[in-house]
Amino acid sequence: MKHVLKGLVAATAMASVLATSGFAADEPKRGGTLITVLGSNVRNLNSAVQSGIVTGFPGAQLFASPLRYDEDWTPQPYLAKSWSVSEDGLKVTLNLVEGATFHDGHPITSSDVKFSVKVIQENHPFKAMFAPVESVDTPDEHTAVLNLSQPHPALMLAMSGQLMSIIPEHIYGDGQNPKSHPRNNVDVVGSGPFKLVEFKNGEHVILERYDGFFMEGRPYLDKIVMRIIVDPSARAIALENGEVHISAFESQPQIINRLKKVDSLTVTSEGYGAIGPLDWLAMNAGSDGPTGNVKVRQAIAYAVDKNFIHNAIMQGTVTDAKTGIHPDSPFYEPDVEAYELDLDKANALLDEAGFAKGDDGMRFGLTIDFGWPSAKPHVEYVKAALKKVGINVTVRASADFPTWAKRMGTMDFDLSWDAVFNWGDPVIGVHRTYVSSNIGKGVWSNTQGYSNARVDELLEMAGKENDPEKRKALYSEFQKIVAAEVPIYFANTLPYHTVYSDKVGNPPLGIWATSSPIDLMYLKD
Amino acid sequence: MNLLQTVLTRILYAVLLLIAVLVLNFSLMHLAPGDVADTISQSMGGADAEVLADIRADYGLDKPFLVQLATYIGKVAQFDLGHSFFYNTSVTGLIMQKLPATLLLVITAQVLALVVGVILGVYSARHPNGISSHFVTFLALFGYSAPVFWTGILLLIGFSLHIQWFPVAGMRDVTIEGGFWVHFIDVVRHLVLPVITLSSIFLALYSRLCRATMMEVLGSDYVRTAKAKGLTTREIVYKHALKNSLSPVVTLAGLQFSAVISGAVLVETVFGWPGLGTLAFQSIIARDTPTILGILFFSALVVIVGNLLTDLALRLIDPRVGSKG
């Protein structure tokens, strides 16, 4: 039987390979205007100073980064035609493409790379990306050498997607604050495949092919219109009636499932591995209250039924995630305590922890917070689930995001539903949640108050381990410890989906979704 | 009171009101936990603690409350609405960019609701027990009680998805090329559904009010006199009765002007209409204090001007208004 199954799997795999190659035989076509959407208003188009998925889409078209990644997490040449890391891991040399120019015709040189690193170090919200970079040498126009204080494997992913936008020194180096520079949204001079035509706040971002782009024959599209449509229902209708060709980061289960039934549309959750969005239940592990007790946290994990969250609340649109590293990442460790629903075990753990049931069948009370409306069903479910094991949960609504963020940042909570992104390498988006030096430093820091000396040590080592296998082993141990101590109950990936019409060729299904250049995307006839 | 006096008193009240609006809202915004640094960090997928501190320092959010308030009011006194924290651009510029779209939407919706409301009101007053009169009542109450965003989505599903007559969102299609009329027609096509949605709420009010006052007027002595002297029904209704039944409607329309603007927040969000409503909604979510206060300032201004115009309109309809004695 097993053999038959294997055979079947192989046959299906073959068929899909054939199908893919048949598809690839479709020659990409030059020209056309792609209509796409942004789900919220853009604050800033300069991705060297502004992170986030909304800036990421236009940002990665306007600005090129040294590297780009394929679907298998392998770095590919982009603005750097090649690169090398010294034996001791302390020097990373980038050899830039010769003849590359900014949108105003100025050549892109190593001194622009040096300048960009400095601007990012000083202004980008993710300090961990370039923290070990001590200086950048520019031996010649096309060579940039990054000198590191310690080996820094995270640098590779940090040099791709929207994270390391190469910006022109002759525009942004005029002494004005890069965060509020007047050229961030107007007359942007970029290094990427598309240049800015117009950005109208709240309306649209229009980009146009840059004819001098350093990759021969690319991009394929002539123009990209990014319409800003905030309402997800309106976006869905625009996709259905063909007004919009592609939309990424769609996250409403009802809408995703509805669009899946539309013949002319493809709906996929592929391509979000490096964005790494995770949905979880945070517990205040540093609290003096019950959640400070590891047995209580384990009991809570055993009392919550993941299947209910996946199938009833998220309607089958999510993937299971057992740890704080996205399941698509090469560092994901699936072999950890999975906390299958087990009410007996949960009750036993709570008894052991010294919280006996009172006369009314209840043990103690906890609060649960949530920061955005779509997490309300989750917290209502947790409340119901924990009642079964004698925990009386009170739902605390927040008026808006800052109210919730304040509670989280100051660790004024017992339980909270939360969603956090990996942002490429674990050093960038994962460490921040667990290292004890980052406790209570604002929203999406270590708001759980979690502290474990071994975890601190493992993350410290993994952050500077250049050998992928050894690094993987360190992250594996880290994930097992965290799963055992449950400062966080990991529920699933966020249900991000990319929806695109039949007309779209080469949709961005790599690891960075739309936070990557779409120079290969084209429109079929 | 003469016209000039009225206008001057109104302006004085308006200034006091505006100061109160600004101080009150500034304080309320300050009382709420969290600030724009949190939402900026949200838009960036999280930020390190020092980045948050930087943002707060950049916008003076680390200073004491009274200093922040005084700085702000001082700036507004010099007609400077300040800089948007979230969009890094001048608030006045931001509002001026959005105001035309909102005025286009709100005024069109208001005029449509008034005209259609009055026509329906008069019609149903003349045939109070007819089937069509009941239908008008039903339609009006339905429009009034249905939530705007629901009506909006329903219209979208009907007229953008199933019958593809109108575009889904936005104010214009940036891909079309052509002269003035091509763009004009394009904007009109985008305008239809949001205007119907927004006016649906007010249609009920106007048509019901017009119906009630019209019926009252039609039963009054002078209408009977007019009938007795042999005027046609048409002349009685449109020349005599309508003028008298219109002033409550116009008063109401003036009062509703603020409601139209608040209604626009929802309609604009559903239809992606690039106006003040969308901006207000996004600024509130982003805790962008200068922008929110700027929008409140402008909406207060629009409402005050709207009320002033209502007064003037009433004088035109009914010369007794504002005359001495």
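Two strands are taken to pair if DSSP finds at least two bridges between them. In the predicted model described here, A:M283 stands opposite A:L415 of strand β16(A). This position belongs to an antiparallel pairing in which seven bridges join β13 (residues 277–283) of chain A to β16(A). Strand β16(A) also pairs with β14 (residues 364–369) of chain A, here in the parallel sense and over two bridges. The bridge partner of A:I368 in β16(A) is again A:L415, the residue that A:M283 faces. Strand β16 of chain A covers residues 415–421, and six of its seven residues are buried, so the strand is largely enclosed by the rest of the structure.

A separate description applies to an open sheet of chain A, in which four strands follow the order β4-β5-β7-β6 with antiparallel pairing. Strands β4 (80–85) and β6 (133–140) of chain A stand at the edges with a single partner strand each, so one side of each is left without a neighbour in the sheet. On average, and with direction ignored, neighbouring strands of this sheet are turned by 20° against each other. Within the sheet, β5 (residues 91–96) and β7 (residues 143–148) of chain A run antiparallel and are joined by five bridges. In this pairing, A:T93 lies opposite A:V145 of β7(A). Helix α3 (residues 110–123) of chain A packs on the sheet and touches β5, β6 and β7 of chain A. The direction of helix α3 makes about 170° with that of β6(A).

At the level of the whole chain, chain A contains 16 helices and 20 strands. For 525 residues, a compact globule would have a radius of gyration near 24 Å, and the value of 24 Å for chain A agrees with this. The C-alpha trace of chain A spans about 80 × 55 × 55 Å along its principal axes. Of the 525 residues of chain A, 53% count as buried. When contacts in chain A between residues at least 6 apart in sequence are considered, 70% join residues at least 24 apart.

Chain A also touches chain B: 43 residues of chain A are in contact with 45 residues of chain B. On the side of chain A that touches chain B, at least two residues each are supplied by β9 (204–209), β10 (223–228), α6 (232–240) and α12 (401–409) of chain A. The residues of this side of chain A divide into 18 nonpolar, 15 polar and ten charged.

Methods:
Residues numbered from 1 in each chain as written. Chains lettered and ligands numbered in written order. Predicted model: local features only at pLDDT ≥ 70, side-chain atom pairs only at ≥ 80, totals over all residues. Axes fitted to C-alpha atoms, helices over the stretch in contact; angles between N-to-C directions. Contact = placed C-beta atoms within 7 Å. Rg over C-alpha atoms; globule rule 2.2 N^0.38 Å. Buried ≥ 20, exposed ≤ 12 C-beta atoms within 10 Å, placed from the backbone. Nonpolar A, V, L, I, M, F, W, Y, C, P; charged D, E, K, R; others polar.
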